Every structure is written in structure tokens, then in C-alpha cells.
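Open the model in your viewer and keep the selection tool at hand. The stops below say what to pick and what you will find there.

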2 protein chains.
Amino acid sequence: MSLSNGWRPIRPVILAGGAGTRLWPLSTAARPKHLLPLLGTQSLFEETLTRFGDGFAPPMIVANQAQEADLRALAPDGAQLLLEPMKRDSAAAIALAAVVADEGELLLICPSDHHIAEPDGFRAAIERARPEAEAGRIVTFGIEPDHPSTGFGYIAAGAGEGVRPVVRFVEKPPVERAEAMLAEGGHYWNAGIFLASAGTWRDELQAFAPEILKSAREAAEQAVADGPVLRIDAEAFARSPSQSIDYAVMEHSERVSVVPVSMGWSDIGSWQALVDASIGDADGNALHDGVLALDCRGNLVRSNGPKVALIGVEGLVVVATHDAVLVMRPDQAQRVREASDWYDREKAR
Amino acid sequence: MSLSNGWRPIRPVILAGGAGTRLWPLSTAARPKHLLPLLGTQSLFEETLTRFGDGFAPPMIVANQAQEADLRALAPDGAQLLLEPMKRDSAAAIALAAVVADEGELLLICPSDHHIAEPDGFRAAIERARPEAEAGRIVTFGIEPDHPSTGFGYIAAGAGEGVRPVVRFVEKPPVERAEAMLAEGGHYWNAGIFLASAGTWRDELQAFAPEILKSAREAAEQAVADGPVLRIDAEAFARSPSQSIDYAVMEHSERVSVVPVSMGWSDIGSWQALVDASIGDADGNALHDGVLALDCRGNLVRSNGPKVALIGVEGLVVVATHDAVLVMRPDQAQRVREASDWYDREKAR
């Protein structure tokens, strides 16, 4: 749909390729984070789809082919599902969307596994970003930092009001650098959300990552269409370099802007992040069905099956699956990787 | 075996009929507590068998028929397995053993699910008790209380040294009464361990619980023998009143003595009791294979399958099965029943 004045709705491009072990034992390669009902009853993927209802074009979903059944069951009418035969990181995924879309379409690149508590703030920022994107810019959405996180990349904004040019991208910094940026101001977390036309994406990929664009084009041309599903050609796609869009394009392009946005954003990148994003009950517990808490305060419990009973405990994260259990202080969330690696070793014995 | 001077080895009678929900979710009707490896790698039942090796006659094991396979696999050569078709409490179980045994045999009645850290102390007490039992007394083994427990029955001992007459049995008391008995001295916990000849048991059952003795005799006479197994007749056994031996006999008999015994005894009647009986590692954690503890202190973890990872937590009991998880402060162990009841309701939904 496009109006006679040339206006057309923005097409969300939902990147659903991640897996991640930081939410072990609930998230695994077979149960990726975006399909888990971590907050409330919806999965983060469903929450993402809901966010892009009225006013948006049907989404493109770029995902691994292993997740076809799960994603088809959830995708709305009109959605296109681009199934990758193997992982090639975000630049290749965005390149696929850019070559499949019409050149003039505005593509809103958005991860499938982030939480946005205030979607109205997001929509307002998208509207502020639209004229810049229509003018050929790549607009990034910058999250105002509230602490010197070392887990995110940062975007240094140039002078100005509203949508501002990007001075530089900063990869995940050491804590001293993060503290300095927080003190200085004008630095935003890079949430991996971008608005640009398909044509702009193609131009910038051509300029800075031509091999990625070329293999994406070949992989899409040789893809097999099956209703709403486009099965990307494995041989061509395998030739693509595997790079993040930040590394492949954003750090080089002169056409990047940033729109600061306040929207209650979290990447739910750890159990601590989920604790922070959760709304507890009167006792501060964030529980769900199948959990009993007697005389407990401030606990987060997630289970994908086992019944969980807590008695007289406080300030814990408890995560249960049928074959693994994690009990943790949330401020130790960065050590979950060690537990996940240990679990893999135990299972391999 | 009996010597020419009339001495014969004592026959242990191991009562393996219990189930119990106080160690939920690990113990259930299908996985009774005595078959669980709660301390180390042996189950409490195996520990009980080991305790009665050299110097004892082969044991009689009185158990529910549902556990036949498990118990047959563990029972030593020469053991007799008396399989009850239904639960009829301890008086009926002891009556079965008393009618199956020779009249002159000394039967040492012993639960299958208790822990005795110092078996030498137990053996010494058995030897002190033997002459009294040979003289026709029922000798109970009294545990010196170290706190005013309201979870055990008490035995009030009369004056004297060594084996003493019993003045009275006290059912599980309110805390004030328990404190008074502790302060007064001469009161012991009733561990449910008794030494008496088969003939004495028969006499006292005849005097105070004749229906129990009668149905046990009929049920044993009509039992079906199958190698080491005696399948007790269901119709006759069903007629037996269901009473504890304390209620049926001990509280009435004039022939009861008590031998105080110091043997590191625990009935492992709660997760707190298991914590108390466990020996922790250098960090005070009592773990087992398949458990990871990073920067943790003073935790007890038991799992019958799921891998369990703890990070940065202290002083917890964590129990995992494939379909239920308990996380608890051990001083809340008396509330496990609530969790077990909740679990049963959840499963029935």
C-alpha cells in the first residue's frame, strides 16, 4: 500500500536469528530466547509483532530455517518469512531484506527479542526518524543510558536537536570509558534498531560490504518461494562473510543519524535484565502459573514445565526446566555462561 | 544358627513400609524415602542393611508389595521379605514378623529410613539390651534429646543405671512439655527401635492388641511363599486394625525397658534433619554429582536427575526432580507439607 502522495507504511524487518546462552537453562539453541514467554504470557517475538500492528506494513521476518514451524504459527497475515539455511550475522540478514524489498520501502530493522515497555515512545521516535530515512539516511535509535553498562555498544551523537548525525560508534567499552561517556552526555546505547530505505541499505552495503550484498542478492534470486516463506539458497548464502551490521556498515557510513528515544527498552540480555524489566507482585515476586511462594520476597521464577515451590527465600532467580535448574543471586547473572558451559560438558560425558 | 549354650544371633526386622511427604519433592509414594541416596551414595535402606552385617541373623524385611522389585534387588542372601498387600501400620508389621519368626528368636525392630552415624554405639546398646530381652522384656532404644523437639515421642525412664524400666510413653508433645522434659532429664526420644523375643511380642500383642495378632497369624498362615518372599494374604491382613506399635502395645505393656543410646541418630524426617546429618565440603555445601556451586556456602542440594547450578547463594536447600523443584531455607522445613499438598492439587487440575 502506498498513497498517491508517495507515502507508504514502514516495513518492519524482524531479526529472529539469535539463540544465546545468557538465559540458560531456559534459552537454548532449540529454544531461542525470542520464543520464550519471559515477561507475561507472550513471547518476546509475539510482543515484537504486536508492537508493529496498525500503521505498519506486514513484517519481514529473517530467521533460521530450524524455527520455521514456530515462526509460521505466530506470523501475522501478509508477513514474509526469509529462512536462512545457516547463521551469517546481522549484515547478511539485513542485506537479504534489502534485496527482497522494493527499493523505496522504508525498512525498520528490529531485533525479535527485546522488550519495549513504552511502545508509544518508540512510535514517536519512528515518526521523527521517517523524514531523515526518506532523505537517504540510516537512522539509529539511541537509548539514553542510565548506568555505565559495559554490555552495549554506544553511539556518539553530534550537536543538534531531534535527529542528529552520528559522530562515531563505540564497541562495548571498558567500564572507565562507559563512565566517561555517561558523564559527558550525548552518548546513547546502540539497541540494534535502524530505519532506512531498502535502497539506502543496498547503497551502503555496496560501498562497505559488497560481498555481503552480492551473496545476499544471489541467495535471494536462487531462493525457493513457498507461500509466505522464502527459502534462501544455501550455496550462495554460505559465501557471505559473517559480520554484524555495525562492523560491516555503521562504523563506516557517512549517512548515519541517531534519534534519541525513551521507551523503557531492555534487551533482556541476562537474568538481571529480566529482573529489572519485570513487575513484581505485592511481595516483589515475579512468578507465573505453577509456582508457589510461601513467605518469600523479591524472587523471579521461570519454569517451562516443572512445578516450583519456594519457602522463606528472598532475592533469588530460580529457573527450572525438566533437565536443569539454576538458583542464583541476580547480581551474579554474568556467570550464567559458566553454568551453561558446565551443563554442556556434563551432558557430553 | 544357634550355639549349644542357647545363644543365637539377633534377627533384624526392618520396617520398610513408610513413604512420607516431608522430603518432597524427592520422596513420594512411588519413591519412598528409604530408597533414596540422601546421604552419600547409599540409600538409607542399604545403610540399614549394612549396619546389620556380621553378627546378626539375616534380616526380615516387612514392606509394601509395590516395592518388591526394588527391595529384592537390595536384600542380602538369606533375607526374608514379608510383603504386605496394604498398609496396616507398625503393630501389624511387627505382629507379622513375630508370628513368622521362631518363638525364641530375638527380633530387633528397626525402621529402614533412619541414619545412624555411629553404629558402634548402636551395637554396644544392643548388647546391653540383650539380657533384658532374653528375660522377656521389650527394650526400647532411647535417644538423648539435644533440643526440645515436638516432632518425636518421648520415653520417660525410671531410676537406675544402664537398661531402665519405662515409666511412660509421651506422644509428640507441645513445646512447653518438651522443654520441661529436657530440663528434668531422664526423658529420651522414641526412635521406634525395639528388641524383644518373638514370644514376648506375641504375648504382649495377645494381651493388648489381640485382633492385630490374630489377623497377622491368619495372614501369615495363608501367605504364599515364593523363594525369599512371603506374600501376605490380603483378605486376612485387611482385617487387622491399623495402629502404631506405641499405641497398640508400648503404652500399655508393663514389660518395657529403655536403654539410652548415643549413636548419632537421625530419622532424616525433614530437609532440616538432612542438613543437620550431612557433612559439608570446605564451603559447607552438601552436594553430589551433577551439581555446580559457584561462590556458594552452606547449601544442601539433592537431585534425582536434573543438573543443578547454584551461583552466589547461601544457606539454601535446593531439591530437584524432573517435574518439581523446591528452594527453601532449611528452618522452614516444616512447611514442606504445604508445598507437597499444593503440588498434588496442581497435578490434579
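Predicted model: local features only at pLDDT ≥ 70, side-chain atom pairs only at ≥ 80, totals over all residues.

**Stop 1**

**Stop 1**

Select β15, β17 and β18 of chain A with β16 and β14 of chain B. They form an open sheet of five strands in the order β15(A)-β17(A)-β18(A)-β16(B)-β14(B), and the pairing is mixed. Which strands are at the edge? They are β15 (300-303) of chain A and β14 (291-294) of chain B, each pairing on one side only. From one strand to the next, the twist averages 5°.

Zoom in where the chains join. Strand β18 (residues 324-328) of chain A pairs with strand β16 (residues 307-311) of chain B in the parallel sense, over five bridges. Pick A:Leu326: opposite stands B:Ala309 in β16(B).

**Stop 3**

Next, select β14 and β16 of chain A with β18, β17 and β15 of chain B. Here is an open sheet of five strands, ordered β14(A)-β16(A)-β18(B)-β17(B)-β15(B), with mixed pairing. β14 of chain A and β15 (300-303) of chain B each have a single partner strand, so one side of each is left without a neighbour in the sheet. The twist averages 5° from one strand to the next.

Step along the strands. β14(A) and β16(A) pair in the parallel sense over four bridges, and A:Ala293 has A:Leu310 in β16(A) as its bridge partner. Then cross to chain B: β16(A) and strand β18 (residues 324-328) of chain B are also parallel, over five bridges. A:Val308 has B:Val325 as its partner in β18(B). Helix α11 (residues 336-348) of chain B lies across β14 and β16 of chain A together with β18 of chain B, at about 155° to β16(A).

**Stop 2: two helices in chain A**

Select helix α6 (residues 198-208) and helix α7 (residues 210-221) of chain A. They pack at an angle of about 125°, with axes 5 Å apart. That angle makes α6(A) oblique to α7(A). Show side chains: A:Arg202, A:Leu205 and A:Gln206 in α6(A) meet A:Pro210, A:Ile212 and A:Leu213 in α7(A). Four of the contact residues are nonpolar, one is polar and one charged.

**Stop 3: α7 in chain B**

Move to helix α7 (residues 210-221) of chain B. Its 12 residues reach 16 Å from first C-alpha to last, close to the 16 Å expected. Which residues of α7(B) are buried? Select B:Ile212, B:Leu213, B:Ser215, B:Ala216, B:Ala219 and B:Ala220. The buried residues pack against α3 (89-100), α6 (198-208), α8 (234-238) and α9 (245-250) of chain B.

**Stop 4: B:Val275**

Finish in helix α10 (residues 271-277) of chain B, at B:Val275. B:Val275 counts as partly exposed because it has 19 C-beta neighbours inside 10 Å. Beyond its neighbours within four places in sequence, B:Val275 is in contact with B:Leu300, B:Val317 and B:Pro330.

Technical notes. Residues numbered from 1 in each chain as written. Chains lettered and ligands numbered in written order. Pairing = 2+ DSSP bridges. Axes fitted to C-alpha atoms, helices over the stretch in contact; angles between N-to-C directions. Parallel < 35°, antiparallel > 145°, perpendicular 65-115°, else oblique. Contact = placed C-beta atoms within 7 Å. Nonpolar A, V, L, I, M, F, W, Y, C, P; charged D, E, K, R; others polar. Expected span 1.5 Å × (residues − 1). Buried ≥ 20, exposed ≤ 12 C-beta atoms within 10 Å, placed from the backbone.
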